[in-house]
Amino acid sequence: MAAEETPALLDLGNLRLWVLEDGVFITDAGNLLGGSRRMRLRGAMHAVLVEAPDALVLVDAGFGPEVPPPLAGHYELRRERSLPEAIRAAGRRPEEVTHVVLSHLDPDHVGWALGGDRVFPAATVYVQREALEEACRMPENDGRRFAVPAIERGHKEGWLELLEGDGEVVPGVRVEVRSGHSAGHQIVWIEGSDGAALFTADLAPAKIWLNPDLIAGVDTDPEAARRNRIEVLSEAEERDAPVILYHEPRDFLVTVRRSGKGFEGVPLRG
């Protein structure tokens, strides 16, 4: 995304949302698809900012200022504008964010929320307890394990809340646990008076994963990922809800339609 471009905006009546970019990463295909694939993949990080009547909610939080130690050497980060800068480009300030919802604990989803400095000092951060429990079982050098100290500190200090299952964070912003990519992985339905939008996070992070039979090498429960992907995308199609694809570099805002390989994404932006 060019530095001067305005973030994508959706008007859902009493809710407005912006799709914000935190740059792109370059990595070996094997890091995402498994195996030893000699090709490089390019992925983006698209967080969502939701303006509600009495809240400003951020959904996922990019890599943070830099690639964290567990992934250093495996991911190259390129950005013209950081997530905090993208929030300002949308006409708001990071200090105004009241809630941060983290879909799961991969480092490229939590960086600005769980880093050393509190970039969103007025916000409560929401994480599924099951996601924390899984992270605690991971090896010391695993990316999800890297988030554990910040979560424990935030919970102790009162700025992080551990969720246990589905629920509404604020009116119109509803989390739904859909495992497969990781334990406690949550998608987010954003439901306004004039329609709804769906944030799939890493359950279906890019257009290639609209094919339910394509399983990522990093999915912890492939069968659950496939089943949940079909159910969630089917509901999005039935509701004609725009879907935000977190890692898709270009056509990150789509409507989904059934196709021969499961689903296809029809871009909402030119």
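What follows moves from the overall build of the protein to one set of paired strands. The model is predicted, so local features need pLDDT of at least 70 and side-chain atom pairs count only at pLDDT 80 or more, while totals for chains, interfaces and linings use all residues. Residues are numbered from 1 along each chain as its sequence is written, and side-chain values use heavy atoms, without hydrogens and water.

The protein contains six helices and 15 strands (DSSP runs numbered from the N terminus: H or I of at least four residues for helices, E of at least two for strands). Its radius of gyration, 17 Å, is close to the 18 Å that the globule rule gives for 270 residues, so the protein is as compact as a globular protein of that length (the radius is taken over C-alpha atoms, and the rule is 2.2 Å times the number of residues to the power 0.38). Along the principal axes, the C-alpha atoms fill a box of roughly 45 × 45 × 40 Å. Of the 270 residues, 56% count as buried (under 20% relative accessible area, with a 1.4 Å probe and protein chains only).

Strands β9 (residues 167-170) and β10 (residues 173-177) pair in the antiparallel sense over three bridges; pairing requires at least two bridges found by DSSP. Within this pair, G167 stands opposite V175 in β10. The two strands form a hairpin with two residues between them, and G172 in the turn has a positive phi of about 95°.

On to the next strand: β10 is also joined by five bridges to β11 (residues 186-192), and these two run antiparallel. Here V173 stands opposite I190 in β11.

Technical notes:
Buried < 20%, exposed > 50% of the residue type's maximum accessible area, 1.4 Å probe, protein only.
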